[in-house]
Amino acid sequence: MHTQCNNVFKRPCICNSIDAKELETHQVPLSSRAALQLRPSSLEQLFLRHHAISVSRDSDSVTQREQQSHGMRSQTADPRNSSTVTEFILVGFEQSSPSTRALLFTLFLALYSLAMAMNGLIIFITWTDPRLNSPMYFFLGHLSFLDICFITTTIPQMLLHLVTKNHTVSFVSCMTQMYLVFLVGVAECILLAFMAYDRYVAICHPLNYAQIMSQKVCVRLVCSSWIFGMVNGIFLEYMSFRNPFCKDNHIENFFCEAPIVIALSCGDPEFSMKLIFMDAIVVLLSPMMLIITSYARILASILHRASSSGHGKTFSTCASHLTVVVFFYTSAMFSYMNPRSTHGPDKDKPFSLLYTIITPMCNPIIYSFRNKEMKGAMGRALGRGSLAQAESV
């Protein structure tokens with residue numbers, strides 16, 4: 001008698017199995033009995049083997065998915081974990097020949113010494129000579145102080161690297177240098193705009209000049225330029241170092257300049273560069289628009305005057321100021337407002353030199369030799385110094 005199996009997975013039997021009595025009655029051979037008895041275990045083995053294979057495949061796929069997800073997490077976390085840059089290498093003029101580096105060292109040392117001496121002399125004169133007690137020379141003294149701070153943050157390090165083989169700077173030193181450059185540079189941008197406004201009030205509103213540009217107002221304007229430079233420097237510093245650094249640590253310049261440092265970061269530098277570009281619009285273009293507006297009104301006021309006796313002196317003062325503005329703003333705009341694709345070591349270095357050493361050196365020369373009052377004050381200061389030295393001897 002045959003019985004049908006309802007579930008081959010629950011009961012170890014086979015479909016259409018033969019009853020034991022029928023085996024005895026029909027005297028099925030032992031070999032057939034053994035085959036019939038072994039058939040259930042064979043199906044079980046096939047089922048278990050198939051189940052084991054499917055389980056192993058599932059476990060393999062799960063393991064593979066876990067490995068892939070772990071790999072993706074490690075790749076995502078890699079830039080953060082691989083932020084191992086602890087120092088930068090300032091390439092600067094490293095590729096130049098020894099004779100060229102010696103010549104550059106002599107040239108830059110002379111320019112640095114000249115800029116320090118002349119700016120220091122202007123600070124001393126404007127703060128000690130009572131004849132120069134006016135807002136124009138008050139601003140000029142602070143401009144010279146900013147120039148001394150500016151060149152001191154970059155030039156001594158460059159001179160040291162010109163005579164040594166070790167061009168490495170620590171991560172903290174690079175951050176500090178960049179913040180000081182931001183602070184002093186932004187403060188000078190704002191101060192140049194205030195100086196243009198001062199000239200506008202002095203020429204276009206001479207009767208109200210003392211009231212509008214009082215000592216309290218001048219002090220507030222200078223303090224506001226320093227405060228704006230500090231706050232803006234913190235923002236630019238954060239945008240420059242917000243991403244980790246795990247790429248090349250070679251800076252193709254003689255100091256830590258923000259666009260070049262941002263290009264070395266692991267994250268997306270485009271966001272930081274866009275924000276720095278927007279900040280440059282505020283810091284560079286806004287003061288420059290104020291300067292252009294001030295001098296446009298000064299020019300219109302001069303041309304409408306019938307007398308031409310004071311035209312030469314006015315044009316001389318305004319031309320000296322505009323020369324400084326052109327030098328400083330054009331070089332800063334190229335460094336911070338041009339796309340990085342147009343940059344390169346051969347282009348970045350000349351413009352960086354222009355606003356880090358050439359402009360601070362030209363400021364005292366332009367304001368001194370084109371101003372009779374400054375030349376007279378320098379003569380008096382040097383005469384007092386030589387006289388005091390003669391009396392001491």
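Predicted model: local features only at pLDDT ≥ 70, side-chain atom pairs only at ≥ 80, totals over all residues.
View 1. E94 is placed in the loop between β3 and α3.

**View 2. The open sheet of three strands, in the order β4-β3-β5.** The pairing within this sheet is mixed, and its edge strands are β4 (168-170) and β5, each of which pairs on one side only. Strand β3 runs antiparallel to β4, to which it is joined by three bridges, and I89 stands opposite T168 in β4. With β5, by contrast, β3 pairs in the parallel sense over two bridges, and here L90 stands opposite I251 in β5.

**View 3. The aromatic pair of F88 and F245.** The centres of the two rings are 5.6 Å apart and their planes stand at 90°, so the pair of F88 and F245 is edge-to-face. F88 belongs to strand β3 (residues 87-90), whereas F245 is found in the loop between α7 (215-241) and β5 (250-251), so that the pair ties together parts that are 157 residues apart in sequence. F88 counts as buried at 1% relative accessibility, and F245 is likewise buried, with a relative accessible area of 2%.

**View 4. The aromatic pair of F328 and Y329.** The rings of F328 and Y329 form an edge-to-face pair, with a distance of 5.9 Å centre to centre and an angle of 85° between the planes. Both F328 and Y329 are buried. A search of the whole structure finds 14 aromatic pairs, and the pair of F328 and Y329 is an aromatic pair of the edge-to-face kind.

**View 5. The packing of helix α3 against helix α4.** Helix α3 (residues 98-128) and helix α4 (residues 135-163) pack with their axes 9 Å apart and at an angle of about 160°. The two helices, α3 and α4, are therefore roughly antiparallel to each other, a description that applies to angles over 145 degrees. Their crossing, that of α3 and α4, is left-handed. Sorted by class, the residues in the contact of α3 with α4 comprise 21 nonpolar, six polar and two charged ones.

**View 6. The packing of helix α4 against helix α5.** Helix α4 also packs with helix α5 (residues 171-204), at an angle of about 160° and with an axis-to-axis distance of 10 Å. It follows that α4 and α5 are roughly antiparallel to each other, and the crossing of α4 and α5 is left-handed. In the contact of α4 with α5, the residues divide by class into 16 nonpolar, six polar and four charged.

Technical notes: Residues numbered from 1 in each chain as written. Heavy atoms only, no water. Phe/Tyr/Trp six-rings, centres within 6.5 Å; stacked < 30°, edge-to-face > 60°. Helix = DSSP H or I, 4+ residues; strand = E, 2+ residues; numbered from the N terminus. Buried < 20%, exposed > 50% of the residue type's maximum accessible area, 1.4 Å probe, protein only. Axes fitted to C-alpha atoms, helices over the stretch in contact; angles between N-to-C directions. Parallel < 35°, antiparallel > 145°, perpendicular 65-115°, else oblique. Left-handed = near helix turned anticlockwise from the far one by under 90°. Nonpolar A, V, L, I, M, F, W, Y, C, P; charged D, E, K, R; others polar. Pairing = 2+ DSSP bridges.
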